[in-house]
Amino acid sequence: MSPQTLERTAELIRDRATKAGLGGVKVTVEDKSQITVSGPAARQETLEALGQPAELAFRPVLSTAAEPGVEKCPDAVEGPSSDPLTACGEYLGTVSTYQLGPVAVAGTDVSEAEAAYDAERGGGWFVKLDFTAAGGAKFADITGQLSAQPAPQNQFAIVLDGVVLSAPEVYGPITGGKAEISGNFTKQRAQQLAAQVNTGALPVHLSVSSVTKLSVD
């Protein structure tokens, strides 16, 4: 792995930490082979999340089924964007399996993501998305198509790294180049997701080698 790639990856992780509102986080490249992320011990889960790929995609739902007795989604990896995907999602304690079509709108079609608090509609944190001009056109097109389908084919899944975050129903084309991701988020999780989406996928795959160290595979 080239030193330039490692430095670029470290820069993106620093950017994620800043956008996620994390103070006191230090990101360094050591021994030309390892990225070390250090910060408050209470933020271990959030520190580890800074190294996640964060590949976001919007896929049409083909079918869905609840999984009784399953308490948590297994680890998943999203395949090629042109292939269908079997993915898992969890909402309010219910785990479901989704059969999804190919990617209709990619994460690269999102120009900006921002965590926000909904004080007017009962409270709760969510993530606001602004699409590029091309992404907004794709999103309007796919939501227009889905809105004419019966349930559950009138849903689109918001998929992050192979896991379904949300699968809302669509009742008409969503225009204007904007969307929202909601999912019973805490402030920390909403900020973290917005930061990951803003910086996109990292140039290399990282794995956690200790509480604070992320090493290149």
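Tutor: Helices are DSSP runs of H or I with at least four residues, strands are E runs of at least two, and both are numbered from the N terminus. The model is predicted, so local features need pLDDT of at least 70 and side-chain atom pairs 80 or more, while totals for chains, interfaces and linings use all residues. Residues count from 1 along each chain as its sequence is written, and side-chain values use heavy atoms, without hydrogens or water.

Student: Okay, how many strands does the chain have?
Tutor: Let's sort the elements by kind. The helices of this chain number four, and the strands come to 13.

Student: In which loop does Glu71 lie?
Tutor: Look for the elements on either side of Glu71. One is β3, and the other is β4, which covers 85–91. That puts Glu71 in the loop between β3 and β4.

Student: Is Glu71 buried or exposed?
Tutor: Go by relative accessible area: under 20% is buried, over 50% exposed, and in between partly exposed (1.4 Å probe, protein chains only). Glu71 has 70%, so Glu71 is exposed.

Student: Which residues does Glu71 touch, not counting those up to four places away in sequence?
Tutor: A contact here means heavy atoms within 4.5 Å. As for spacing, Gly93 is 22 residues from Glu71 in sequence, with the C-alpha atoms 7.2 Å apart. On the contact test, Glu71 touches Glu90 and Val95.

Student: What about Asn154, buried or exposed?
Tutor: Asn154 sits in the loop between α3 (133–146) and β9 (156–160). Leaving aside neighbours within four places, its contacts include Leu146, Gln149 and Pro168. Because its relative accessibility is 7%, Asn154 counts as buried.

Student: What is the phi of Asp161 near?
Tutor: Find Asp161 in the loop between β9 and β10 (163–166); at 16% relative accessibility, Asp161 counts as buried. Most residues other than glycine have a negative phi. Asp161 isn't a glycine, yet its phi is positive, near 55°.

Student: How many aromatic pairs does a search of the whole structure find?
Tutor: Rings of Phe, Tyr and Trp (its six-membered ring) pair if their centres lie within 6.5 Å; planes under 30 degrees apart are stacked, over 60 edge-to-face and the rest tilted. Run that over the whole structure and the count is six.

Student: Is the pair of Phe58 and Phe131 stacked or tilted?
Tutor: The centres of these two rings are 5.6 Å apart. The planes make an angle of 55°, so this pair is tilted.

Student: How many residues apart in sequence are the parts this pair ties together?
Tutor: Both Phe58 and Phe131 are buried. Together with Phe139 and Phe156, they form one aromatic cluster. Because Phe58 lies in strand β3 (56–66) and Phe131 in strand β8 (125–131), the sequence gap between the tied parts is 73 residues.

Student: Last one: how far apart in space are Gly183 and Trp125?
Tutor: Gly183 is in strand β11, residues 178–185, and counts as partly exposed because its relative accessibility is 22%. Along the sequence, Gly183 and Trp125 are separated by 58 residues. In space, C-alpha to C-alpha, the distance is 8.3 Å.
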